[in-house]
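Thanks for coming, everyone. Let me put the structure up, and then I'll walk you through a few parts of it.

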2 protein chains.
Amino acid sequence: MPVGTAGTVKGTRFEALEADDLDARIILGNTYHLWLRPGIETIRACGGLHRFIGWERALLTDSGGFQVWSLGKLRRISEEGTEFRSHVDGSLRFLSPEVSMEVQAALGSDIVMVFDECAPGQATIDEARRSMELTARWAKRSRERFDELQRDGGDLGVMSGAKSLSGAQALFGIVQGASHHELRRESLARTREIGFDGYAIGGLSVGEEKSVMWDVIDGVMQLMPADQPRYLMGVGTPEDLIEAVARGVDMFDCVLPTRNGRTGQAFTSRGKVNVKNAQWATDTRPLDEACQCSVCLRHSRAYLRHLYTAGEMLAGILITHHNLAFFLDTLRHVRQSIRSGEFPKFRREFIERLSANGE
Amino acid sequence: MPVGTAGTVKGTRFEALEADDLDARIILGNTYHLWLRPGIETIRACGGLHRFIGWERALLTDSGGFQVWSLGKLRRISEEGTEFRSHVDGSLRFLSPEVSMEVQAALGSDIVMVFDECAPGQATIDEARRSMELTARWAKRSRERFDELQRDGGDLGVMSGAKSLSGAQALFGIVQGASHHELRRESLARTREIGFDGYAIGGLSVGEEKSVMWDVIDGVMQLMPADQPRYLMGVGTPEDLIEAVARGVDMFDCVLPTRNGRTGQAFTSRGKVNVKNAQWATDTRPLDEACQCSVCLRHSRAYLRHLYTAGEMLAGILITHHNLAFFLDTLRHVRQSIRSGEFPKFRREFIERLSANGE
């Protein structure tokens, strides 16, 4: 899922997301950011997030839990919820499972995430247990408030005329427990006991070692229900995606393609290309000769380097587009290779090619 | 002509320029900027400006004369040419009629402008005469060097496979003379004596009163050859374009649609809309209800205001797109109304509508 934090996948027009070379079926919006700005009253007045931003395809919203947790010293967590200061205007705000469900109902996203608490990657087992148990209680409160809102028609996502949108929201649970296998297992069991439409692994890619991340994924993935979507939150590089798919993950979100696109770093089938490098000054090849995206079909590394060096907006726009195309196309190939039984071969060749350093 | 200073119409993909709602047939590149960065050797190595930027439609390049003149104290003008310091790396550079023609041949633009000198809007008649006479001598030198380069195959603009591109460059002369009618007339006569493919009015919109600009245009336009393109450089607002067309002008370039797009100001058929205004916070109308551009068909004022307020790139991208659509569509309507004999009616109604203040 491309990340559309504030109701926009940064630097990318919706027409580009819908075009054949990207064809993104779902994007992510951040509850925290949209709640603070433009605010729920504005989005409600405009008929929900789909209508507000002009996007008829699917939307997933996170719960705001991770964002307020990331505020560090600026937030205070209690049993009831999290109190924090808005980064926009400094006002004191309060986010809880109930508020998060209400906000996400007003946004009308197709997939709603429970309000969770994240423990640091290096949390002790006691800290991690306390956090995991809080997450379990919050998951239950999220589920209850969500169900009430669905009954009462709180969901604003219904779009008349949209082909692909039911308007009925789905709710995903989140497995926490830091790097501790027994906590992860317990978290998954308690989350499944409540019952959700899909299950996510949270609290990874938050500063822990890569080996710890894979250890946790290995441990928990085999217990995740295979007949429901399994979503690894906030991960990752192209290598990470392939390795996570090999372990059973179905869904991802990550800012890498868009954030790195704006800082001049392209992902290609032959590894990363730093667009700023002087070696591309007169290189008329595209970013990725194996790529059929509209940027690679039209523009050279030399031109992209010039745009980046001159500080032109178009640099970020074009590199972001290519990066999104590369990520989305990679996962299209993953799905094809799974269907044709050739995923192991695809995985081996894909990882091998990435080591070519963009040459 | 949308302005593509450094080889990009800021914030706009070429696919958008080519789409039906914009359908820009020609864009402008700045010789000064492209010469300094990425430099002519780079563009030459990439096969000329069309290939370098990935644009097969027409390109006009200015001569660099106006840009180096704008440097003020940072440049020194002599009979031979203009010495100045690069704003990119501080290096000492020298631009002359010959160098400008060589650079524009290497760029391979379809329309080349002579290297001219501009007098300030309030120049005394002596200053303005000296400047106009220098421009006349530089025009002759431009013509001579241009003709040599065309004979010797210096033009890099030939694109095999491009339908709309001949590769043979056209050269336009520029009429100077500040606000003095007799100097403008003499400048035009001397420019026509040399002979060019088109004629431009330069040295307007450089700080003089609007009434002075119209007075000069009124005086000189009736003497411009009507069977060749007449190009008013660097002008202007939608009102200016209509009023200039009424006086016989055929071509314009202006940064207003793109620059104002990036600062949140939209041009509409009912006047300017300042996207930042709080009054649009929940306004679900498009920027311009009379506009059929892809932005107006999809996005509301409320969303554009949110994007601008949140500092999102997409704000500038979308408002720029709408502004370009509005300018290009206005001139399409102008051409239709001229063909159908209804330009006076169109002019009256267009100007009337602009006074609605965006409501």
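Start at Ile201(B): its bridge partner in β9(B) is Leu232(B). This is a predicted model, where local features need pLDDT of at least 70, side-chain atom pairs count only at pLDDT 80 or more, and totals for chains, interfaces and linings use all residues. Residues are numbered from 1 along each chain as its sequence is written, chains are lettered from A and ligands numbered from 1 in the order written, and side-chain values use heavy atoms, with hydrogens and water left out.

β8 (residues 198-201) and β9 (residues 230-232) of chain B pair in the parallel sense over three bridges. Pairing here requires at least two DSSP bridges between two strands. Helices (H or I, at least four residues) and strands (E, at least two) are DSSP runs, numbered from the N terminus.

Now the whole sheet. Seven strands of chain B form an open sheet, in the order β1-β2-β6-β7-β8-β9-β10, with parallel pairing. β1 and β10 (251-252) of chain B are the edge strands, each pairing on one side only.

What lies across β6 (111-113) and β7 (170-175) of chain B? Helix α6 (residues 125-151) of chain B does, running at about 175 degrees to β7(B). Axes are lines fitted to C-alpha atoms, for helices over the stretch in contact, and angles run from 0 to 180 degrees between N-to-C directions.

Asn30(B) sits in the loop between β1 (26-29) and α2 (31-45) of chain B. Buried or exposed? Asn30(B) is buried, with a relative accessible area of 5%; the cut-offs are under 20% for buried, over 50% for exposed, partly exposed in between (1.4 Å probe, protein chains only). Not counting residues up to four places away in sequence, Asn30(B) touches Val3(B), Gly4(B), Thr5(B), Asp62(B) and Gln67(B). Contact means heavy atoms within 4.5 Å.

Over to chain A. The axes of α6 (residues 125-151) and α7 (residues 181-194) of chain A come within 10 Å and cross at roughly 10 degrees. So α6(A) is roughly parallel to α7(A); that label covers angles under 35 degrees.

Last, the two copies. A rotation of 180 degrees with 0.0 Å of shift along its axis superposes chain B on chain A (RMSD 0.0 Å). That is the relation of a two-fold axis. Of the residues of chain B, Met313(B) comes closest to the rotation axis, at 4.0 Å (C-alpha).

Terms used: Angles under 35 degrees count as roughly parallel, over 145 as roughly antiparallel, 65 to 115 as roughly perpendicular and the rest as oblique. Copies are superposed by least squares on the C-alpha atoms of residues with pLDDT of at least 70 in both.
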